[in-house]
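The following paragraphs give a guided reading of one protein model. Please keep the sequence and the coordinates in view while reading.

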Amino acid sequence: MRHLIATPAILLRRVAYGEADLIVTLLGLDTGRASALARGARKSSRRFPGGLEPGLAGEARLRDRPGAELMAFESFDARGDRPGLAGDLAKAAHAAYAVELCDRLCPPRQPEKAVFAWLDEFLSRLDKGTATAERLRVFELGLLRALGLGPSLGRCAQCGREELGDADVGWRPEAGGVFCLDCAKATERMSAGTRQALVKLDSASLPDAEALQLDRATAAACRRAVLALLREHVHGPLRSLEFMEKMSGSR
Ligand SMILES: [Zn+2]
């Protein structure tokens, strides 16, 4: 039996397939990350009137095919409520990056309702506001947390010590976060200011992120640290990140 699924979804990726089809990867509220074959989508927009661009949110109708990895993409009604994302290059770059991270980090066919809500809210706030590095860091850290991959920033990842205060710490992204100096030994160092900024970013909601403003050096250090954490889980190049780097040089 072919099982019909209707779910709110955010589109993550699209790849041309054959002459007329697309393989679309989406994050469905009820399906998690899933891939579906949209037959004829490149020739006719009848079933996909708002298009199938990554970042679009809407209502997806999918048909599960027993034994097949790809679902059939029956139709997609895009909500079309984020017009600001396409018209601004920096915002479009941040949106593409957030979407690519979800594509690369979410396990297949496992509903991730917290991730769905986090990405949806991020895209809405990005649409209404400006593209800021602070919001992007809050998003990255919240995404890792929602997937159970969040780093230890407030306590030593080795001995659990919480009073890290104003001392520098050791930094080992591959071992889950910061180390107190007793445990750090020969590891890379992180300044107290960077660690405290990361704690703030990690505990911030997306509305909180609007009020955060890091100085240039701290922002750069936080960016390096969060990217090192992401690199532990995302292998291979992140195309949207390379684009962003080319565009801005730093964000
Ligand atoms: Zn320790």
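Helices, of at least four residues, and strands, of at least two, are DSSP runs numbered from the N terminus. In this predicted model, glutamate 188 accordingly belongs to strand E8, which covers residues 188-190.

Domain 1 spans residues 3-78 and domain 2 spans residues 84-248. Taken over C-alpha atoms, the centres of domain 1 and domain 2 are separated by 29 Å. Their contact involves 21 residues of domain 1 and 16 residues of domain 2.

A barrel comes next. It is closed by 5 strands in the order E1-E2-E3-E5-E4, with mixed pairing. From one strand to the next, the twist averages 50°. Strands E2 and E3 run antiparallel and are joined by 7 bridges; together they form a hairpin with 3 residues between them. Within this pairing, leucine 22 has alanine 38 of E3 as its bridge partner. Strand E3 (residues 32-38) also pairs with strand E5 (residues 71-78), here in the parallel sense and over 2 bridges. In that case the partner of alanine 36 in E5 is methionine 71. How many of the residues of E3 are buried? The count is 6 of 7, and E3 is thus mostly covered.

Helix H2, residues 89-105, lies across strand E1 (3-17), strand E2 (21-28) and E3, and runs at about 110° to E1. Helix H3, residues 113-128, packs on the sheet and touches E1, E2 and strand E4 (57-64). The direction of H3 makes about 60° with that of E1.

The metal site is the next stop. Which residues coordinate the zinc ion? The donors are the SG atoms of Cys156, Cys159, Cys180 and Cys183, at 2.3 Å. Along the chain these donors follow the spacing C-x2-C-x20-C-x2-C. Cysteine 159 lies in the loop between helix H4 (133-146) and strand E6 (169-172), while cysteine 183 lies in helix H5 (residues 181-184), so the pair ties together parts that are 24 residues apart in sequence. The angles among the 4 donor atoms range from 103 to 115°, and the site is tetrahedral. For comparison, the ideal angle for four tetrahedral donors is 109.5 degrees. Cysteine 159 is classed as partly exposed because its relative accessibility is 46%, and that class lies between the limits of 20% and 50%.

Strand E6 has two antiparallel partners. It is joined to strand E7 (residues 177-179) by 3 bridges, and to E8 likewise by 3 bridges. Glycine 170 takes part in both pairings: its bridge partner in E7 is phenylalanine 179, and it stands opposite arginine 189 in E8. The hairpin of E6 and E7 has 4 residues between the strands, and in it glycine 176 takes a positive phi near 100°.

Leaving aside residues up to four places away in sequence, glutamate 188 touches Val169, Gly170 and Trp171. Is glutamate 188 buried or exposed? It counts as exposed because its relative accessibility is 53%, and the exposed class begins over 50%. Glutamate 188 and phenylalanine 122 are 66 residues apart in sequence, and their C-alpha atoms are 31 Å apart in space.

Terms used: Residues are numbered from 1 along each chain as its sequence is written. This is a predicted model: local features need pLDDT of at least 70, side-chain atom pairs count only at pLDDT 80 or more; totals for chains, interfaces and linings use all residues. Side-chain values use heavy atoms; hydrogens and water are left out. Two strands pair if DSSP finds at least two bridges between them. Axes are lines fitted to C-alpha atoms, for helices over the stretch in contact, and angles run from 0 to 180 degrees between N-to-C directions. Contact means heavy atoms within 4.5 Å. Buried means under 20% relative accessible area, exposed over 50%, partly exposed in between (1.4 Å probe, protein chains only). Donors are N, O and S atoms within 2.8 Å of the metal (3.2 Å for Na, K and Ca); water is not among the atoms, so sites may look incomplete. Four donors count as tetrahedral if all angles lie between 85 and 135 degrees; four count as square planar and six as octahedral if opposite donors are over 155 degrees apart and all others between 65 and 115; anything else is irregular. Domain bounds come from an automatic or database domain assignment.
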